[in-house]
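Here is a short briefing on a protein model. Keep the sequence and the 3D view open as you read.

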Amino acid sequence: MNKLTIFGICIVGFFIIIAIFAPILAPYNPGQIDIENILTAPSSSHIFGTDSLGRDLFSRMVYGARISLMVGFIAVGIASLIGIALGAIAGYYGKWVDGIIMRFIDIMLCFPTFFLILAVIALLEPSIINIMVIIGATSWMGIARLMRAEILSLKERDFIYAERSIGASDLRIIIRHLIPNAMAPVLVSITLGIAGAILVESSLSFLGIGVQPPTPSWGNILSEGKAVMGAGWWMMLFPGMAIFITVLGYNLLGEGIRERLLKS
Amino acid sequence: MGKYIFKRIIGLVVLLLGITIITFSVIHIAPGRPTDLEAQFNPKVSMEARERIAHLYGLDKPLHIQYIEWLKRFARFDFGISFMDSRPVMEKILERIPITLIIELFSMILILLIGIPIGISSAVKEGSFYDRFMTVFVFIGFAVPTFWLSLILMDFIGVRWGMLPISGIKSLEFEKFGFFEKIIDMSKHLILPVLVSAFGGLAGISRYMRSSMLSVLKQDYIRTARAKGLSEKDVLYKHALKNALLPVVTILGLSVPGLIGGSVIFESIFSIPGMGRLFYESVMARDYPVIMGVLVIGAILTLLGNLLADISYAAVDPRIKLE
């Protein structure tokens with residue numbers, strides 16, 4: 001395996017462990033306000049410093065990892081379900097079904113995704129669930145296209161004809177045989193999608209329309225960092241680095257999977 | 001060529017209809033009426049304003065009639081009146097579009113000028129230290145959040161070193177400046193936004209250029225060109241480059257929605273009065289007519305970008321016309 005891929009796996013694993021063990025790793029309660037220690041620089045008692053309400057930045061970042069990863073995973077999970085289902089249906093049934101689904105994808109791709117997400121959030125309230133659903137519902141098109149292309153070539157194979165000749169139903173053929181065999185390239189798209197979803201969530205939270213304080217997310221911590229720019233560099237450095245490194249990790253992992261697929 | 005463009009325009013009409021249907025459904029996605037929501041979040045909304053919104057969307061009529069009426073207004077680019085300042089939505093959008101387009105245009109030029117040479121040189125020196133260094137650079141480019149990069153540049157170049165202005169597109173004393181001073185003043189304000197906007201796209205284009213060039217270099221006609229004794233320079237720049245550039249044209253068209261979407265982030269950070277900032281302000285104020293208007297106009301701009309890319313592709317690649 002490529003060195004960069006291993007690096008990617010380490011990053012991904014590291015942040016998943018942090019997210020899982022957040023309550024153990026966080027030295028303070030992430031919501032604990034401490035008026036006497038407002039905006040203190042990193043020190044031995046607060047290794048990442050404190051924010052403008054005296055809350056421990058390290059603890060907030062650790063809990064923020066939970067939020068960011070959860071949004072990333074669930075949003076991409078939703079996108080995968082929609083993308084795999086629509087892509088498989090379009091590829092398997094072809095003709096007008098394929099025509100309608102492909103036109104729908106073309107139309108969805110016309111919208112600047114970030115605009116569409118913001119518009120829907122303006123109508124609904126920016127709760128974490130809404131954000132995950134909206135990101136998922138606007139990012140499935142690539143997965144659907146990949147799935148369709150795979151199924152188009154798979155459905156002409158002998159083993160599918162064999163299945164059909166013993167009377168297997170369409171649903172069984174699609175779910176048991178076609179989708180599992182078509183998953184490999186989709187997996188690359190899913191891994192890269194997690195990175196994308198984390199970036200979108202943190203952008204939204206940074207703009208104040210994503211995860212709402214006091215719930216910590218890397219994006220909204222950075223937004224507080226902007227407000228104290230010049231007075232607390234640690235408020236800008238650490239959350240930015242966390243987003244950057246996490247996204248880098250998933251991108252490297254995705255690229256590693258892609259290379260392996262090309263070789264095999 | 002004419003027939004090709006005609007076919008594309010028919011396809012465009014279908015997409016345009018689809019865009020209106022999706023935008024229309026977005027309006028109706030909220031539980032209850034948008035008017036209730038408006039009142040719930042903003043107690044300042046008067047009964048009269050609520051009536052006006054209800055009338056604007058014709059919320060008392062059946063859904064298909066609402067859609068047809070909305071479509072009729074849309075055909076005249078009439079998106080209604082902004083809640084915030086009671087000005088026509090289209091007028092507000094039109095005065096913001098040029099600023100966003102100018103920034104996108106400059107960042108597109110920057111992306112091409114830097115990204116394409118990086119991609120070509122990486123492909124030619126595949127596997128070298130330079131190529132690996134650039135690969136790492138590309139991965140970093142993909143992963144750096146735009147808003148974080150903006151903040152860092154603002155903090156260092158703007159606040160600490162005071163080299164460039166960090167907010168707006170012109171100085172306070174702009175009106176007193178002469179012609180050239182005005183241009184210099186505006187350029188200074190636009191340097192950071194253009195840099196930030198170009199940064200993300202740069203990684204994508206250079207990566208794409210690299211893989212396109214790599215696949216062209218493996219083609220038979222390149223071997224033929226080498227075999228007949230052409231210099232390496234002629235092989236690379238006369239034969240390979242022309243063919244490798246073609247798919248990049250399409251990618252440029254496809255990157256338009258990303259660039260327009262990204263404008264929300266850097267325009268709101270740098271307080272640039274463009275379409276992205278207008279959209280952000282409207283979302284914060286729940287100014288529905290403006291939100292819907294910008295959504296549709298953003299999608300139309302994307303459509304035009306794709307059409308332009310496809311037509312220029314067809315213009316340079318003779319194989320397209322045969323289909």
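Two residues are in contact if their C-beta atoms, placed from the backbone, lie within 7 Å. With that in hand, turn to chain B: among its contacts with a separation of 6 or more, 70% are between residues 24 or more positions apart. Bear in mind that this is a predicted model.

**Chain B as a whole**

- Chain B has 14 helices and 0 strands.
- Its pattern along the sequence is therefore α-α-α-α-α-α-α-α-α-α-α-α-α-α.
- Chain B has 323 residues, and 37% of them count as buried.
- Helix H4 of chain B covers residues 63–75. At 1.5 Å a residue, its 13 residues should span 18 Å, and its end C-alpha atoms are 18 Å apart, so the two values agree.
- Just after H4(B) comes B:Phe77, with a positive phi of about 55°.

**Where the chains meet**

- The contact takes 34 residues from chain A and 38 residues from chain B.
- On the side of chain B that touches chain A, the elements giving two or more residues are helices H1 (2–27), H2 (34–41), H6 (129–143), H7, H11, H12 and H13 (288–316) of chain B.
- That side of chain B divides into 30 nonpolar, 6 polar and 2 charged residues.

**One helix pair across the contact**

- Two packed helices are described by the angle between their axes and the distance between the axes.
- Helix H11 of chain A (residues 233–263) packs on helix H7 of chain B (residues 146–160) at an angle of about 145°, and their axes are 10 Å apart.
- The crossing of H11(A) and H7(B) is left-handed.
- H11(A) brings A:Met236, A:Gly240, A:Ile243 and A:Phe244 to the contact, while H7(B) brings B:Trp148, B:Leu151 and B:Asp155.
- By type, the residues of this contact are 5 nonpolar, 1 polar and 1 charged.

**The nonpolar core**

- In soluble globular proteins, nonpolar side chains tend to be buried together.
- The largest nonpolar core here has 146 residues. A:Leu118 and B:Val294 have the most contacts inside it.
- H3(A) gives the largest share of this core, with 18 residues.
- Which residues does A:Leu118 touch, leaving aside its neighbours within four places in sequence? They are A:Ile209, B:Val264, B:Phe279 and B:Val283.

- A:Leu86 sits in helix H3 of chain A.
- Is A:Leu86 buried or exposed? It has 22 C-beta neighbours inside 10 Å, so A:Leu86 counts as buried. The cut-off for buried is 20 or more.
- Beyond its neighbours within four places in sequence, A:Leu86 is in contact with A:Ile101 and A:Ala144.
- A:Leu86 and A:Val97 are 11 residues apart in sequence, and their C-alpha atoms are 9.8 Å apart.
- A:Ala144 is one of the buried residues of H7(A). Others among them are A:Met141, A:Ile143, A:Leu146 and A:Ile151. The buried residues of H7(A) also include A:Arg145, A:Arg148 and A:Glu150.
- The buried residues of H7(A) pack against helices H3 (57–93), H4 (95–110) and H9 (170–206) of chain A.
- H7(A) runs over residues 141–154. Its 14 residues should span 20 Å at 1.5 Å a residue, and its end C-alpha atoms are 20 Å apart, which agrees.

**Backbone details to find**

- A:Lys95 is in helix H4 of chain A. Its phi is near 45°, a positive value in a residue other than glycine.
- Because A:Lys95 has 8 C-beta neighbours inside 10 Å, it counts as exposed.
- B:Ser271 is not a glycine either, yet it has a positive phi of about 50°. It lies in the loop between helices H11 (256–269) and H12 (275–285) of chain B.
- With 13 other C-beta atoms within 10 Å, B:Ser271 is partly exposed.
- A cis peptide bond joins A:Pro213 and A:Pro214, with omega about 10°. A:Pro214 lies in the loop between H9 and helix H10 (218–227) of chain A.

**A loop residue in chain A**

- A:Ser127 is in the loop between helices H5 (113–123) and H6 (128–137) of chain A.
- A:Ser127 has 13 other C-beta atoms within 10 Å, so it is partly exposed.
- A:Ser127 and A:Asn2 are 125 residues apart along the chain, and their C-alpha atoms are separated by 39 Å.

How values were computed
Residues numbered from 1 in each chain as written. Chains lettered and ligands numbered in written order. Predicted model: local features only at pLDDT ≥ 70, side-chain atom pairs only at ≥ 80, totals over all residues. Helix = DSSP H or I, 4+ residues; strand = E, 2+ residues; numbered from the N terminus. Expected span 1.5 Å × (residues − 1). Buried ≥ 20, exposed ≤ 12 C-beta atoms within 10 Å, placed from the backbone. Core = buried A, V, L, I, M, F, W, Y, C linked by C-beta atoms within 7 Å. Axes fitted to C-alpha atoms, helices over the stretch in contact; angles between N-to-C directions. Left-handed = near helix turned anticlockwise from the far one by under 90°. Nonpolar A, V, L, I, M, F, W, Y, C, P; charged D, E, K, R; others polar.
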